[in-house]
Amino acid sequence: FGGLAYLLMRLSGGIGSANFVEFGAVLATVAYLLTLIDIRIGMAILIACIGFSPEISIAGFDSIRFEDFLIPALVIASVLRSLALREKSIPSAVRLPFTLYLVNAGFSAICGIVFNDLRPSQSLAILGKNIEYLVIFMIFLNNIRTYSDFKTFVSYALMVGLLSGITAGFPIFGEVTHRRVHGPEGELANIYGGYLIMHMAIFIGFFIHSATNSRRFFCLLAAGLLAVPLLYTYSRTSYAALILALLIFGVLKHRRLLLLLLMVLILFPLLAPEAILHRAATITTVVTEGGPESWKARVDAWQCSVDLILSSPVIGNGPGAVPFGDVDNEYVHILLDVGMLGLGLLMWFLTRIIVSMNRLYDSLPSPGFTRSYIAGYMIALSAIIIHSFGATSLSAIRSMETFMTFTAFAMVAVAHHETFLVEEERDSEGHRRRARSPSLEPLGGFVYE
């Protein structure tokens, strides 16, 4: 279905503001029917929407995307499934802090609307998006309960990210102009860079922990293909975030990753186009010369935000008090919107993820699919935390929806890791048995004795 939808999109000349409603209506009708038949189909469509949907303004509402229409169907299907199968909600260490973050944001929005002349439509729209992030997390957490579903959705999400990057970046590959890769319509290059580095990080995780050389080669090739659109975003924040995340994971968890990082740093100045090389070289001036002009503008914006932060330091001025793009730093932006209480809850949320991932990674054997994913997710987590110092990565829709999807996959692994280990061992034993026995012959994609 995803392939047919993508083909339809390409044959119709892509999705833009002119045909957004028509394409969305057709997609929504089919998606609703398929989602109510099997929620996993709707979840797959949701991942495709995150990767490919443009952001359109309709009737005065900004940042409308296809998944906004799909999520209600997923919620209905999820509730019906849990009632029919009598399934209990999967516990998660991160659900409470994020829920409290939303409660604080809601209270801050009410205070901002009542006392600070905050626009209700803008504030409630941002609050609604944050609720969507939690809903996306819960949908994936509660509806991926088997090892085969876990492998399928992780692999599918990575393929969507790879295809999104290729279709966005390769049309301008080799051009002499300095046109930036922005991703689908309405996206910013910096935010799309955050989307790309998360997928690259997980591919690298599979590269360092995969059991076979063929898988390692494919994952390294996929990361290399995504590096092309990443370079053409000209996003220094994304470059720095990925390099630092690889360095942190290499030092703390997997020293051999440092060799890969060293090779990248050696090959980059030899292979990168001159414009991209010059762009990346300005990163070092942050320490020596105060940084490029865009960095200085960011710092000035942060400094100018101090008075507004101090005017309501505890609960902030309400979501939407400062327009996106005015302050390109997630943590400063959160202080402005939801105050120190909101920032503290976000830090609690991220800390609980880090602790859970560290414990799980250390307990898993290598090689293995689960350990490979957790390794990649830990790199992606570090990358997006660093990326948030130069962008509103945990508020921007595409990057945050992707982050919550990958976080849900990671929490699925936490909840079911004992069962997953048994399944992985069974798969490994099957591969070893087939390799030893010449009497097993492949037939039609399956193996029969």
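**View 1. Helices H8 and H17 cross with their axes within 7 Å.** In this predicted model, H8 spans residues 189-209 and H17 spans residues 369-387. Helices are DSSP runs (H or I, at least four residues), numbered from the N terminus. The two axes cross at roughly 150°; axes are lines fitted to C-alpha atoms over the stretch in contact, with angles from 0 to 180 degrees between N-to-C directions. H8 and H17 are therefore roughly antiparallel (over 145 degrees).

**View 2. Residues of H8 meet residues of H17.** Contact means heavy atoms within 4.5 Å. H8 contributes residues including Asn190, Gly193, Gly194 and Ile197. Those from H17 include Tyr373, Gly376 and His387.

**View 3. Ser238 is buried in helix H10.** H10 covers residues 236-252. Beyond its neighbours within four places in sequence, Ser238 touches Asn190, Gly193, Gly194, Ile197, Leu230 and His387. Among the residues where H8 meets H17 are Asn190 and His387.

**View 4. Ser155 sits in helix H7.** H7 runs through residues 147-169. Ser155 is partly exposed at 32% relative accessible area; partly exposed lies between buried, under 20%, and exposed, over 50%.

**Notes.** Residues are numbered from 1 along each chain as its sequence is written, and side-chain values use heavy atoms, without hydrogens or water. Local features need pLDDT of at least 70 and side-chain atom pairs pLDDT 80 or more, while totals for chains, interfaces and linings use all residues.

Definitions and conventions: Helices (H or I, at least four residues) and strands (E, at least two) are DSSP runs, numbered from the N terminus. Buried means under 20% relative accessible area, exposed over 50%, partly exposed in between (1.4 Å probe, protein chains only). Angles under 35 degrees count as roughly parallel, over 145 as roughly antiparallel, 65 to 115 as roughly perpendicular and the rest as oblique.
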